[in-house]
Amino acid sequence: KLHVYGGNIKISSTDDKPQLVFGEAAADRWVIGNSNAPNNYFVIGEGSDIATNERLVIAPTTGSVGIGTTAPDALLHLNGTGVANTPTLAIDNTTAGTYIHSTEVFAPNMTSGQTNIIVVGRAGSAKNSGYIGYKYSGAGSDANVLTLGHWSGNHLVNIKGDGNVGIGTTAPATKLQVNDTSDSRLLIYET
């Protein structure tokens, strides 16, 4: 049913799935509405039934957005398949310049000793994923570190603000410093 109240439009239904369907004579193409399962989400779906083929959902209490999932557990949760040139998430930046910022991941409330990371891998568990991160020491400090690590194997390779590289240390004092508590040898092979 369509109701107009003082200039406001309300769509309601008896099956707890009020929806607005867009289509043509041959077929319904898109549906927008409220899905009673799960959790009373706002949904944009494909076809004529809000409960099937959800493409985007918004959780009412958190505002979390799910694309390809009906249960977003982050502010933006993407779920889908991705291979070769059809990834789950693509960012195409058409800017031409010296430094092209396709994405920026900042944590403005970081304090000394904290690390902001981007995780990649199979799962969020020991040695099943790795990260690239930024360990903060202080504003404009050479002690700030670009770091690589594993889940549960932190700060394995580090580059300080002055260009010094550390393996096994986040505070290399020379251009390359390797720290290893079990074996201090550095082996270089030519094959």
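**Entry 1: a strand pair.** For Val-145, I found the bridge partner in β12 to be Lys-160.

**Entry 2: confidence.** I note that this is a predicted model. I read a mean pLDDT of 86 for the chain, with 92% of its residues at 70 or more. Within the chain, confidence is highest in β11, at 97, and lowest in strand β1 (residues 2-5), at a mean of 68.

**Entry 3: the sheet around β11 and β12.** I traced an open sheet of six strands, in the order β9-β10-β11-β12-β13-β14, and recorded its pairing as mixed. At the edges I found β9 (115-121) and β14 (176-178); each has a single partner strand, so one side of each is left without a neighbour in the sheet. From one strand to the next, the twist averages 20°.

**Entry 4: strand β5 and its partners.** I then turned to strand β4 (residues 28-35), which runs antiparallel to β5 and is joined to β5 by six bridges. Gly-33 has Val-43 as its bridge partner in β5. I also followed β5 to strand β6 (residues 54-58), again an antiparallel pair, here with four bridges. In β6, Ile-58 is the bridge partner of Phe-42.

**Entry 5: the faces of β5.** Which residues of strand β5 (residues 41-46) point to one face and are buried? I found these to be Tyr-41, Val-43 and Gly-45.

Definitions and conventions:
Residues numbered from 1 in each chain as written. Predicted model: local features only at pLDDT ≥ 70, side-chain atom pairs only at ≥ 80, totals over all residues. Heavy atoms only, no water. Pairing = 2+ DSSP bridges. Helix = DSSP H or I, 4+ residues; strand = E, 2+ residues; numbered from the N terminus. Axes fitted to C-alpha atoms, helices over the stretch in contact; angles between N-to-C directions. pLDDT = per-residue confidence, 0-100. Buried < 20%, exposed > 50% of the residue type's maximum accessible area, 1.4 Å probe, protein only.
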